Amino acid sequence: MMKRYIKYIRRKWANISFSRNIDIQLREPIVSFTFDDAPISAFVNGGRILKKYSVSGTFYISLSLMGGEDPSTRFTEQHLKDSIAAHNEIGCHTYGHTELYKVPFLDGKADIEKNQEEIKKIIPNLTLHNFSYPFGSQTQPIKRFIGERFKSARGIEEGINNEHADVLNLKTVKLYEKRHPLDYIFQKIREVKQNNGWLIFYTHDVQDDPTEWGCTPTYFEAVVQKCAEEKIKVLTVNNALNQIENGET
Ligand SMILES: [Zn+2]
């Protein structure tokens, strides 16, 4: 119990003590689809569905997971290259999927830098502009470092980003099929239409018989289709930030 309690305090401390707040007041809402880690099924099924609707997403990768022991679950170099060719964004997680509040600052920093260096070995001209915290875990020094190194960071706190959004701890809504029925997700889409904010979805695997952190292709497509029906602009995290910063929306 005590450990959980301390974790809560540290996260809250990070959030209140260092943040980069912006007001996201858009003329029309934005939705982003993001994937963490990411399993092959995110690239293959998630990517296929996004392409079918002529939109793209953001894949926050941990490169220690590439070509992992179970070839049916881990992405390969080719998945990265195909995904970029399909106009998706590759974002940064930590290299070892390190939970950042559990390690000393310098170890966490080194793990993030290793992910950035390793991607250069595979795709030399690729820069990872945006980050997501594994497990949503963060500390004040890590958050400050992330602020120097990246344009944004996505956490796991539930919500839509609008007024006083923290670009270094962007809120999200989980596409975890076993947790959130589609009605709940559609309600969030109605909300973002009302408040003209930025709704960032996130999931992991997109496969039949998904894990508790993922969803089926049918569920994922229903969400993408709903956005298309509602004529909501779907952008990668980086493109959304560019539009927000340039006041284009
Ligand atoms: Zn992760």
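Predicted model: local features only at pLDDT ≥ 70, side-chain atom pairs only at ≥ 80, totals over all residues.
1. Together with helix α2, β2 and β3 make up a β-α-β unit that is right-handed.

2. Phe59 also has a partner in β4, namely Ile90. β3 and β4 run parallel as well, with four bridges joining them. Another residue to look at here is Thr58, which stands opposite Glu89 in β4.

3. Which way do the β3 side chains point? Thr58 and Tyr60 point one way from the strand, while Phe59 and Ile61 point the other way, and all are buried. In β4, Glu89 and Gly91 point one way and Ile90 and Cys92 the other, and again all are buried. This is a pattern you will know: side chains in a regular strand alternate between the two faces of the sheet.

4. Now for the helix. Does the length of α2 agree with its residue count or disagree with it? Helix α2 covers residues 40-52, and at 1.5 Å a residue its 13 residues should span 18 Å; the C-alpha atoms at its ends are 18 Å apart, so the two agree. After the helix comes Ser54, which has a positive phi, near 55°.

5. The buried residues of α2 are Ile40, Ser41, Ala42, Phe43, Asn45, Gly46, Gly47, Ile49 and Leu50. What covers them? The cover includes the strands β2 (30-37), β3 (58-61) and β4 (89-92), along with the helices α3 (77-85) and α7 (217-229).

6. Beyond the residues up to four places away in sequence, Ser41 touches Gly46, Asp205, Val206 and Gln207. For the pair Ser41 and Val206, the separation is 165 residues in sequence, but 5.2 Å in space from C-alpha to C-alpha.

7. Pro39 sits in the loop between β2 and α2. Is Pro39 buried or exposed? With a relative accessible area of 12%, Pro39 counts as buried. Setting aside neighbours within four places in sequence, Pro39 is in contact with Thr73, His204 and Asp205. Pro39 and Phe59 are 20 residues apart along the chain, and their C-alpha atoms are 9.9 Å apart.

8. Thr216 is placed in the loop between β9 (198-203) and α7. Its relative accessibility is 14%, so Thr216 counts as buried. Leaving out residues up to four places away in sequence, the contacts of Thr216 are Glu177, Val206, Gln207, Asp208, Asp209 and Pro210.

9. On to the metal. Which residues coordinate the zinc ion? The donors are Asp37 (OD), His93 (NE2) and His97 (NE2), at 2.0 to 2.2 Å. Along the sequence these donor residues are spaced D-x55-H-x3-H.

10. Finally, a word on the cysteines. How many disulfides does the structure hold? The count is zero. A disulfide is a covalent bond between the sulfur atoms of two cysteines. For Cys227, the closest cysteine sulfur is in Cys215, 13 Å away, so the two are too far apart for a bond. Cys227 has a relative accessibility of 0% and therefore counts as buried. Cys92 is buried too, with a relative accessible area of 0%.

Technical notes
Residues numbered from 1 in each chain as written. Heavy atoms only, no water. Helix = DSSP H or I, 4+ residues; strand = E, 2+ residues; numbered from the N terminus. Expected span 1.5 Å × (residues − 1). Buried < 20%, exposed > 50% of the residue type's maximum accessible area, 1.4 Å probe, protein only. Contact = heavy atoms within 4.5 Å. Donors = N, O, S within 2.8 Å, 3.2 Å for Na, K, Ca; no water. Disulfide = S-S within 2.5 Å. Right-handed = clockwise from strand over helix to strand, strands pointing away. Pairing = 2+ DSSP bridges.
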